[in-house]
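Hello,

Here is the structure I said I would pass on. My notes on it follow below.

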Amino acid sequence: MAQRNLRERLIGAWKLESYVEKPVDGSTPFHPMGEKPQGLIMYTSDGYMSAQLMHPDRPPFASGDWFRGSDEEFKEEALGYIAYSGPFHTDEDRQTLRHSMLVSLFPNWLGQTQPRVVKIEWDMLHLSSTTPIMSGGKRTMSYLSWRRAEPNV
């Protein structure tokens with residue numbers, strides 16, 4: 001049986017196991033979504049992806065209305081969540097992956113295509129940035145590990 005290519009191996013849902021950012025200045029690594037982040041990344045067979053990451057301890061809005069939060073509630077809502085979706089692209093020869101952002105919680109990413117270092121080991125997907133990004137006021141490299149989700153059938 002032929003080995004599946006990178007694109008085929010990505011297809012499906014993956015649950016976030018860890019998310020660490022390592023500053024390029026050598027300072028202490030940090031966990032933007034806490035020590036036990038929650039999230040899903042999904043890759044579809046027709047070439048789209050969606051990533052949703054969140055801090056597990058996000059407080060609810062007092063009003064119960066998602067459009068009627070206080071300034072502090074809106075701030076905490078955004079600081080504790082990362083979301084983007086769009087097409088994904090693989091290069092089988094180079095074994096590389098790119099995410100294109102059609103929608104994004106962070107408006108600066110709209111329209112961008114970002115490369116990722118990708119490694120799949122058994123049921124684990126490891127993604128990292130290829131170049132430093134600004135995060136928490138520092139230039140950092142991002143490292144995320146995802147475990148293949150159990151089928152929801």
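E121 sits in strand β7. This is a predicted model, and in it E121 has a relative accessibility of 35%, so E121 counts as partly exposed, between the 20% and 50% limits. The side chain of E121 makes a polar contact of 3.3 Å with the side chain of K119. R147 is 26 residues away from E121 in sequence, while their C-alpha atoms are 9.7 Å apart in space.

The largest pocket has a volume of about 1000 Å³. It is lined by 41 residues, of which Y19, E21, I82, W109 and I133 are the closest to its centre. Strand β7 (113-121) is one of the elements that give two or more residues to this lining. The others are β1 (12-23), β3 (48-54), α2 (71-79), β4 (81-91), β8 (124-129), β9 (133-135) and β10 (138-148). By class, the lining of the largest pocket is made up of 23 nonpolar, 13 polar and five charged residues.

The second largest pocket holds about 210 Å³ of space. Its lining consists of R58, P59, P60, F61, D65, W66, F67, E73, F74, E76 and E77. Six of these lining residues are nonpolar and five are charged, with no polar residue in the set.

Regards

Notes: Residues numbered from 1 in each chain as written. Predicted model: local features only at pLDDT ≥ 70, side-chain atom pairs only at ≥ 80, totals over all residues. Heavy atoms only, no water. 1 Å grid on protein atoms, 1.4 Å probe; cavity = no way out; pocket = protein on both sides within 12 Å on 5 of 7 lines; lining within 4 Å. Points joined across faces, edges and corners; volume = space filled by probe spheres on them. Helix = DSSP H or I, 4+ residues; strand = E, 2+ residues; numbered from the N terminus. Nonpolar A, V, L, I, M, F, W, Y, C, P; charged D, E, K, R; others polar. Buried < 20%, exposed > 50% of the residue type's maximum accessible area, 1.4 Å probe, protein only. Polar contact = N/O pair within 3.5 Å; in protein donor to acceptor, adjacent residues only side chain to side chain.
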